[in-house]
Amino acid sequence: MLVSLALLVGLGMAGWLVSIARDLPDTSGLIEVERAPSLAFYDHEGRLIARRGSAHGRLAVIEDLPDYVTDAVLAVEDRRFYSHFGIDLIGTSRALLANIRAGRVVQGGSTLTQQLAKNLFLTSERTVRRKVQEVMLAFWLESQFTKDEILELYLNRVYFGGGAWGIEAAATRYFGKTASELNLGEAALLAGLLKAPSRYSPVNDAQRAAARATVVLDLMAQTGRISEQERIEAAETPIRVSRGASSPGAQYFIDWVAQDVRALVGTDHGDLIVRTTLDVNAQRAAERAVSSIMDDTELAMGAGEAALVALAHDGSVRAMVGGRNYATSQFNRAVLARRQPGSAFKAFVYASAFEAGLTPEDVRDDAPIRLGDWSPQNYNDDYRGPMTLREAFSRSSNSVAVRVAEETGRGHVARLARRFGIESPLRVDRSLALGVHEVTPLEMASAYAPFANGGYRAAAYGIASIETRDGEVLYAARPADGDIVVDARTLGQMSDLLHTVVRSGTGRRAAVAGLSVGGKTGTTNDFRDAWFAGFAGDLVAVVWTGNDDNSRTQRATGGGPPARIFSAFMGAAPRTGLDAHPSSVPLQLAEPAGVETSAVAQAPAPEEDPIAAFLAGLGRD
């Protein structure tokens, strides 16, 4: 009876194992790694920002890797890798005992071969059936490949976080080098990522990543893979993460430019190198500036989101922050959010007035005004009587702005705004002067550029060139002479007003020690949107804060969170190396390689404005 029962149980177990084996996945495509063409994005100084497309780097060859790279992985993942047959009975027993004591799963006993089997062929579900299939596949891998081949397969397939699969992709992602160039500390950091790639990522938490790397070095020393002196030297050597990889917020910018790459050059070129206008140092300064204010609830004043765009004088985008956290929300508010600019639009109202012959010294009455059934109010319903246009602009008087717009002509104001770069539809009605139409931060930054660059229109752009891996240039920004959109007299008067706003007006919090700063604040009805648009040094920058659902803030104004962010950014951004000649605005791009054309298409001429031309000549000597 006992023998018969044992036979029945054995047959049942065999049948169960056969049924599991019949469901094993196809292993024929084990060696090949399917790679989609990738895009590598570099900043204007040649520093890697991000990669898109294939998440796999080129395949690493284990003979080309320093011993400490593989030793670091084995120290934390499978110390007895070269002595077991795919299943580590000692490690499994130890993990089982630890889990029983804890009453929950606290340790895993899977070997590196089992991990490879699971990553290649199975799901992450925790079932007995899946575990048995994992063991079967581990035995199969051990029978088909040498230990070095299994380790090589593992290193080329394991996930290191940050979208990087494989040791080569990880080395490039985090350190901008190949796996064969990794030093001991870098190897330890990458090995430490395998336990929890997001938790220990140096991009997300540099201190936690460093602590984890130290644990790996300790394990390597304890198991005799490195000497104590080597451990100490590696621990004391600073690990420098790639500046591009350390700016997760740059993904907003990458999203913006990536959508145009294949459209510009086609899809038949394989891997591409995209050289952009972004500056990693400026980008990091922008991200820190946004975080420093928005993470402080008192300073944020009820605003839940923010956006920042910074341009060089020719329109090349040097920094872009589309929101507080890219991982939480990929919606790019710098490019896609259309919000009312409020008083930030008054710069175009006053520029049109000066073109018409008015001057900053002219006086207008800051008093209640009524146009039909509409009566705009000043902030806090505060009126100060007769004042110069300079003072009215610096105090952001609504009543004077409306008077000036009516006096100059709303149509002229709208045409000047379009000439400067406002492309969104403008309602030419009584409220035009108060910025009630919707624009994007990127659009406002482009429109403010002429105030900083000598009066040249500067369309925003982010791609400098696109080339193949072999260096063949497929697309390049083609410089074109920027159109002069404002005369020197008007430009000088507007510079006076914009600097006065920061020096003694509503934008005082935007000031930066050692820099000459000009700009304008903007606040909309019910404190839903707050803006600061301005310039300093080589950069033009626009900051918006508010809430995605358009709800009210806690009376946040343009002189509050946006001005603070602008100041923090300008104070930390590089002071040199960001400028571009204002008369060479890259409005035209070269034709894609292989496309025949009789002539490069010219940018459409700006809308003719004969009235503006006539008014611009008035009041001159």
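## Exercises on a predicted model

Arg275 lies over the face of Tyr42, with 5.6 Å to the ring centre; a charge counts as over a ring if NZ of Lys or CZ of Arg is within 6 Å of the ring centre and within 35 degrees of the ring normal. This is a predicted model: local features need pLDDT of at least 70, side-chain atom pairs count only at pLDDT 80 or more, and totals for chains, interfaces and linings use all residues. Residues are numbered from 1 along each chain as its sequence is written, and side-chain values use heavy atoms, leaving out hydrogens and water.

**Exercise 1. Find which Arg lies over the face of Tyr174.**

**Exercise 2. Describe the chain as a whole.**

Solution. Start with secondary structure. The chain has 21 helices and 13 strands; helices (H or I, at least four residues) and strands (E, at least two) are DSSP runs, numbered from the N terminus. Next, burial. Of 621 residues, 52% count as buried, meaning under 20% relative accessible area with a 1.4 Å probe and protein chains only. Then contacts, defined as heavy atoms within 4.5 Å. Among those between residues at least 6 apart in sequence, 72% join residues at least 24 apart.

**Exercise 3. Locate the largest nonpolar core and the residues that touch the most other members.**

Solution. A nonpolar core is a set of buried Ala, Val, Leu, Ile, Met, Phe, Trp, Tyr and Cys residues joined through side-chain atoms within 4.5 Å. The largest has 83 residues; Phe348, Tyr350, Tyr448 and Phe451 touch the most other members. Helix H11 (residues 251-265) gives the most to this core, with 8 residues. A second, separate core has 50 residues, including Ala60 and Phe145. Now take Tyr350. Leaving aside residues up to four places away in sequence, Tyr350 touches Leu389, Ala392, Phe393, Val400, Ala401, Met494 and Leu497.

**Exercise 4. Classify the ring pair of Tyr252 and Tyr326.**

Solution. Rings of Phe, Tyr and Trp (its six-membered ring) pair if their centres lie within 6.5 Å; planes under 30 degrees apart count as stacked, over 60 as edge-to-face and the rest as tilted. By this rule there are 17 aromatic pairs. For Tyr252 and Tyr326, the centres are 5.0 Å apart and the planes stand at 85 degrees, so the pair is edge-to-face. Tyr252 lies in helix H11 and Tyr326 in the loop between strand E5 (317-321) and helix H14 (346-355), so the pair ties together parts 74 residues apart in sequence. Check burial: Tyr252 counts as buried, at 1% relative accessibility. Elsewhere, ring pairs link Phe345, Phe348, Phe420, Tyr448 and Phe451 into a cluster.

**Exercise 5. Is strand E11 enclosed or open, and which strands pair with E11?**

Solution. Count first. In E11 (residues 529-536), 8 of the 8 residues are buried, so this strand is largely enclosed by the rest of the structure. Sort by side. Asp529, Trp531, Ala533 and Phe535 point one way; Ala530, Phe532, Gly534 and Ala536 point the other way. In a regular strand the side chains alternate between the two faces of the sheet.

Now the partners; strands pair if DSSP finds at least two bridges between them.

- Strand E10 (residues 517-523) joins E11 through 7 bridges, antiparallel. Lys520 stands opposite Ala533, and Thr523 opposite Ala530. In their hairpin, with 5 residues between the strands, Asp526 takes a positive phi near 60 degrees.
- Strand E12 (residues 539-546) pairs with E11 over 8 bridges, also in the antiparallel sense. Asp529 stands opposite Gly546. This hairpin has 2 residues between the strands, and Gly537 in the turn has a positive phi of about 60 degrees.
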